[in-house]
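Take a moment with the sequence and the model before reading on.

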Amino acid sequence: MKNILLTGGTGFIGSHIFIQLIKCGYYITIIDSNINSSEKVIKRISDMSELTPFFDIKKFKFYKGDIRNEILLNDIFLSAKEQNNEIDAVIHLAGLKAVRESKIKPLEYWESNVSGSIILFKVMQKFNCYNFIFSSSATIYSSDGTGFFDEDTIIKPINPYGNTKAAIEQILRDLFDSSPNLWRIACLRYFNPIGAHPSGNVCEDPKGIPNNIFPVLLKVASREIDCLEVFGNDWETPDGTGIRDYVHVLDIADGHIMVLKYLMKNPPKVLNLNLGTGVGKSVMELINTFEEVNQIKINYVFSNRREGDIPRSVANIDLAKKLIGWDPKNKLADMCKDGWRSKLNNQ
Ligand code: UFG
């Protein structure tokens, strides 16, 4: 069975991919600096009763560290090789991800995301590992159009975070062109992953004040924050609030496994793939659904539009459906239910 290196494996999306990789029987190696996550999630996941038949401690290794630490990365690949259990593929999620922060600290974003990725690619090359899945983002797309994005939409990010994601995708294309018969690469452009594993064992719990709507919503529901600010009710949308393509984090995790299998059985290529549901929901629809399925009142207030926001961002997922059989199962109600359950479980 293959050994997969998961960078950022204790984060929100990483920990859900970790669960699905365990279920599929892979050997898993995680590297995470834990600057925005906690190592505790590993224990919570390994204790999950539904994973008992699958989890084998001998098939798992955790390294606490930064991907910019080339010596550590080298050691990880070398020690796997020495145990005849080479790293076959890398799923790369490690990086900084807060849009607003990226405007204040652009160098940190370029260094962590881009320099970190370059070091990772160098070490991969050194150990002849050419299978790579990258956690990219819909934020790289130009927002000039209709708000419905297919993979051929012009790439034109508007903040340093998006610029780093677009730059890494470009590096990956250059790498592929340098040895087109070697690299199998997928850039997965996530839309708005929310929710949590239905067991309630894993929770999105960003350190500091959250930026994204779902962690804010959870904190308003738990009364840690008084009120949700809805950024604008005068957008050109049916109810005036912004529309996004919310997708269950477990569906996103499954997408990675499907892409991994697809890459391994197909000729080398660079694949760009949207991961969303193809369905847009407004902020008000999200709040109403959350209130209804969890029977909780959410305090909210309309405020001004947030700088850099767009009215609508919805994925065209035809390519993912066609190539990897992507069929996200969970609805907004499931995302709201599962997210709240995990919040309650992780208080
Ligand atoms: N929103 C609020 N109040 C909040 C936070 C958000 O009303 O406190 C609104 C936003 O205006 C937007 C929607 O909720 O209409 C979603 O906002 P998020 O911040 O949760 O997500 P974005 O769509 O702005 O951005 C997210 C990620 C990016 C990623 C992008 C991909 O933050 O990293 O999705 O489309 F790139």
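Helices and strands here are DSSP runs, numbered from the N terminus; a helix has at least four residues and a strand at least two. The model is a predicted one.

Stay with Gln 295 for a moment. Its phi is near 55°, a positive value in a residue other than glycine. Is Gln 295 buried or exposed? Its relative accessible area is 69%, so Gln 295 is exposed, the cut-off being over 50%.

Asn 84 lies in the loop between α3 and β4. Its relative accessibility is 71%, and therefore Asn 84 counts as exposed.

Now turn to helix α5. It covers residues 106-126, which makes 21 residues. How far apart should its ends be? At 1.5 Å a residue, the helix should span 30 Å. The end C-alpha atoms are 29 Å apart, which agrees with that expectation.

Much can be said about the buried side of the story. The buried residues of α5 include Tyr 109, Ser 112, Asn 113 and Val 114. Further along come Gly 116, Ser 117, Ile 119, Leu 120 and Phe 121, with Val 123 and Met 124 also buried. What covers them? Among the covering elements are the strands β1 (3-7), β4 (87-92) and β5 (131-137). The helices α3 (70-82), α4 (99-104) and α6 (160-178) are also included. Just after α5, Asn 128 takes a positive phi of about 55°.

Strand β5 holds Ser 136. At 1% relative accessibility, Ser 136 counts as buried, because buried means under 20%. Which residues does Ser 136 touch, leaving aside those up to four places away in sequence? They are Lys 165, Glu 169, Cys 187, Leu 188, Arg 189 and Tyr 190.

Last, look at a helix pair. Helix α7 (residues 213-221) packs with helix α9 (residues 283-294) at an angle of about 40°, and their axes are 12 Å apart. That angle makes α7 oblique to α9. The crossing of the two is right-handed. From α7, the contact uses Ile 213, Phe 214, Leu 217, Leu 218 and Ala 221. From α9, it uses Val 283, Leu 286, Ile 287 and Phe 290. Of the residues in this contact, nine are nonpolar, none polar and none charged.

Terms used:
Residues numbered from 1 in each chain as written. Predicted model: local features only at pLDDT ≥ 70, side-chain atom pairs only at ≥ 80, totals over all residues. Heavy atoms only, no water. Expected span 1.5 Å × (residues − 1). Buried < 20%, exposed > 50% of the residue type's maximum accessible area, 1.4 Å probe, protein only. Contact = heavy atoms within 4.5 Å. Axes fitted to C-alpha atoms, helices over the stretch in contact; angles between N-to-C directions. Parallel < 35°, antiparallel > 145°, perpendicular 65-115°, else oblique. Left-handed = near helix turned anticlockwise from the far one by under 90°. Nonpolar A, V, L, I, M, F, W, Y, C, P; charged D, E, K, R; others polar.
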